[in-house]
Amino acid sequence: MQKMFRKSIRLDDSQIRKLQDLSAFDGKDPLTHIKSAINEYLDKKNSEINSASEKEIHAEIREKSRDPKIRGAMWVSGIVDKYEFSALILGEPSKSGIEKGKVSKLSILDPAIQKSTNSFISSCIVNYDRGWDIRPSKMAEPYYNKVKYLVEKFV
């Protein structure tokens, strides 16, 4: 049986026991050990993760179409750098919209990951469907802000 911490770290039973033993030995929380191991790994990889600047990000709407089921609603889709996005824009502000606005659904996804995994939700860096499924991370925030600005300008 595997247990899942956060979204992508899976531990088997023996790894969990080792974490528990280590935590019992030094009195630290298992999560502290996991964070330490991740930081050590990233330091060894010498990888710097830089967030893109909103000014450097290219975004454009490529398609728009009326939603036949919802009066006054429109679907828009496009690109934001290497990502794709789609949004459902309502005719009126809604309680279920982002910040109680007109955007009822918004997805930003990596098409390469979607193609390789054949999974919509696994490829999303942001997903709002009448509520947050995947909030924008610090890395995804500039892309989200660019799309949000573009969609609000479109409205």
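Axes here are lines fitted to C-alpha atoms, for helices over the stretch in contact, and angles run from 0 to 180 degrees between N-to-C directions. Contact means heavy atoms within 4.5 Å. Helices (H or I, at least four residues) and strands (E, at least two) are DSSP runs, numbered from the N terminus.

This is a predicted model, in which local features need pLDDT of at least 70, side-chain atom pairs count only at pLDDT 80 or more, and totals for chains, interfaces and linings use all residues. Residues are numbered from 1 along each chain as its sequence is written, and side-chain values use heavy atoms, with hydrogens and water left out.

**Confidence**

pLDDT is the predictor's confidence in each residue, from 0 to 100. The chain average is 84, and 86% of the residues score at least 70. Residues 1-7 fall below 50. Beyond near neighbours in sequence, that stretch has 17 contacts in the model.

**The sheet**

Two strands pair if DSSP finds at least two bridges between them. The order β3-β4-β5-β6-β7-β8 makes an open sheet of 6 strands, with antiparallel pairing. β3 (59-66) and β8 (132-134) stand at the edges. Each has a single partner strand, so one side of each is left without a neighbour in the sheet. From one strand to the next, the twist averages 15°.

Strand β6 covers residues 103-109. Of its 7 residues, 6 are buried (under 20% relative accessible area; exposed is over 50%, partly exposed in between, with a 1.4 Å probe and protein chains only). β6 pairs with β5 over 6 bridges, in the antiparallel sense. On that side, Ser86 stands opposite Ser107 in β6. β6 also pairs with β7 (residues 124-129), through 5 bridges and again antiparallel. There, Ser107 has Asn127 of β7 as its bridge partner. Lys105 stands opposite Asp129 in β7.

**The helix across it**

Helix α5 lies across β3, β4 (74-80), β5, β6, β7 and β8. It runs at about 40° to β5. The expected span of a helix is 1.5 Å times one less than its number of residues. For the 14 residues of α5 that gives 20 Å; the end C-alpha atoms are 20 Å apart, which agrees.

The buried residues of α5 are Pro142, Tyr143, Tyr144, Val147, Leu150 and Val151. They pack against β3, β4, β5, β6, β7 and β8. In general, an α-helix has 3.6 residues a turn, so residues three or four places apart point the same way.

**Aromatic pairs**

Rings of Phe, Tyr and Trp (its six-membered ring) pair if their centres lie within 6.5 Å; planes under 30 degrees apart count as stacked, over 60 as edge-to-face and the rest as tilted. The whole structure holds 3 such pairs. Tyr83 and Tyr143 have ring centres 5.0 Å apart and planes at 75°, so they meet edge-to-face. Tyr83 sits in strand β5 (residues 83-89) and Tyr143 in helix α5 (residues 141-154), so the pair ties together parts that are 60 residues apart in sequence.

Tyr128 and Trp132 are also edge-to-face, because their centres are 4.9 Å apart and their planes stand at 75°. Tyr128, Trp132 and Tyr144 form one aromatic cluster.

The table gives accessibility for the residues of these two pairs.

| Residue | Relative accessible area | Class |
|---|---|---|
| Tyr83 | 12% | buried |
| Tyr143 | 13% | buried |
| Tyr128 | 7% | buried |
| Trp132 | 25% | partly exposed |
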